[in-house]
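Dear colleague,

I am passing on to you the structure that I have been examining. Please find it here, with my findings set out after it.

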Amino acid sequence: MTGYSEKDLHLAAAAGVRAPSLHNSQPWLFRLHDAAIEVLADPSRVLPVVDHDGWATRIACGAATYNARLALAAAGHPASVALHPAPGVLARLTPADPRPPTYAEQELHDAIPRRHSHRGPFWPDPVPAPVRVRLIAAARDEDGWLDLLVGTTAVNGFAEIAQSADRVLRRDTTYQAALASLRGEVPVSAGAPLAEPYDLLPQRLFNDRPRANGRDYEPEPLIGILGSPGNLPMDHTVAGQALQKVLLTAVASGLDTSMISQPIEVPAARDQLRRSLGRTGFPQIAVRLGYGTPGRPTPRRELTEVVRDFGPGPDRINGPGAGEGTGAESEA
Ligand SMILES: Cc1cc2nc3c(=O)[nH]c(=O)nc-3n(C[C@H](O)[C@H](O)[C@H](O)COP(=O)(O)O)c2cc1C
């Protein structure tokens, strides 16, 4: 196979758009360029106040890249990946040798449409050790890391950091005004129920749906901190790919997930979180994992809005999602 076709592009984009993104901003574009499929940040979708340095855009585009890779692999056209190969291009997928998908690729690909952020309470059932091991390996496979917080001291410590970061963001009137303008991007059905003062973790308010009687959050949530070795723009894209592999591995293992990013968005909280983990590297997002009722889908933009067959050159798509750097070749 010498190059990808428009059909491959559409296949990759259809899977890519199902990736998570901060406040459902969907900050990605997909295009064919020299018979390669490229993932770019869409400057019109980058949230200037909430994501001023482009971290969330790159996480989302990294996750979209991972989905695109799985879709191509599932179609028998796996990709070699170059991250940040040119200014403004976050990932370039070129065809590797054709082969049937592995069982693992097929399983994760099948999980893509079943992954939805689940912000409601989970059942208290613990996540078995073999599943935890699989989740940690999933992050590592994509050059990230996942630290699962063990014990109430670690979980409560994280909760305190997350709550204080949430308070900082709630007091920030510019941030709150930006958030208000995004209401509606996440439907009521996918939002968390109204918070109670005794809730351990902060939840983004996407609606004012009261919670069902007696349905409190799980007392000992399983929290994973997903991170990357560095904190350069390319590390965020790497972390996005690792995040998506972790989320899909969770779904394939029967789990539901939601994300918590307040402690990443507030620099002091992020630093505190990093130090509390006692490891090298940089936290990029927190994931809550557990068993719940199936999560509800959040709408996506039409493919026609995100696929640019003959779109503008990378130099015209230089937004805060863009970052310098070459290298990081891997195969799906
Ligand atoms: C970088 C990033 C940060 C996020 N932060 C949060 C968060 O703090 N709280 C939350 O409920 N969801 C968070 N999300 C999840 C998005 O709100 C969610 O992906 C989006 O609404 C689309 O819904 P879906 O995940 O069900 O497809 C985050 C997602 C990303 C990629």
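Predicted model: local features only at pLDDT ≥ 70, side-chain atom pairs only at ≥ 80, totals over all residues.

Domains

The protein chain is split into two parts: domain 1 comprises 6-114 + 307-317, and domain 2 comprises 129-290.

Interface

On the side of domain 1, 27 residues are in contact with domain 2, which contributes 32 residues. Between them the two domains bury about 2,700 Å², and carbon and sulfur atoms account for 68% of that area. Within the area that domain 1 buries against domain 2, 25% is supplied by His23, Trp55 and Ile59, more than by any other three residues.

Polar interactions also cross this interface. Nine residue pairs are in polar contact across it, both residues being at pLDDT 80 or more, and two salt bridges are found between domain 1 and domain 2. Arg69 and Glu142 form a salt bridge in which the closest N and O atoms are 3.0 Å apart.

As to secondary structure, helix H2 (55-74), strand S3 (79-86) and helix H3 (103-111) are the elements that each give two or more residues to the side of domain 1 that touches domain 2. The largest share, 10 residues, comes from H2. By residue class, this side of domain 1 consists of 16 nonpolar, six polar and five charged residues.

Ligand surroundings

Which residues come nearest to the ligand? Of the 22 residues around the ligand, these are Arg115, Ser117, Arg119, Ser261 and Arg300.

The side chain of Ser117 places an N or O atom 2.6 Å from an oxygen atom of the ligand. For Ser261, a polar side-chain atom lies 2.8 Å from a nitrogen atom of the ligand. Ser21 instead presents a polar backbone atom, 3.2 Å from an oxygen atom of the ligand.

Yours sincerely

Methods: Residues numbered from 1 in each chain as written. Heavy atoms only, no water. Domains from an automatic or database assignment. Contact = heavy atoms within 4.5 Å. Buried area = accessible area lost by both parts, 1.4 Å probe. Salt bridge = Lys/Arg side-chain N within 4 Å of Asp/Glu carboxyl O. Polar contact = N/O pair within 3.5 Å; in protein donor to acceptor, adjacent residues only side chain to side chain. Helix = DSSP H or I, 4+ residues; strand = E, 2+ residues; numbered from the N terminus. Nonpolar A, V, L, I, M, F, W, Y, C, P; charged D, E, K, R; others polar. Near = heavy atom within 4 Å.
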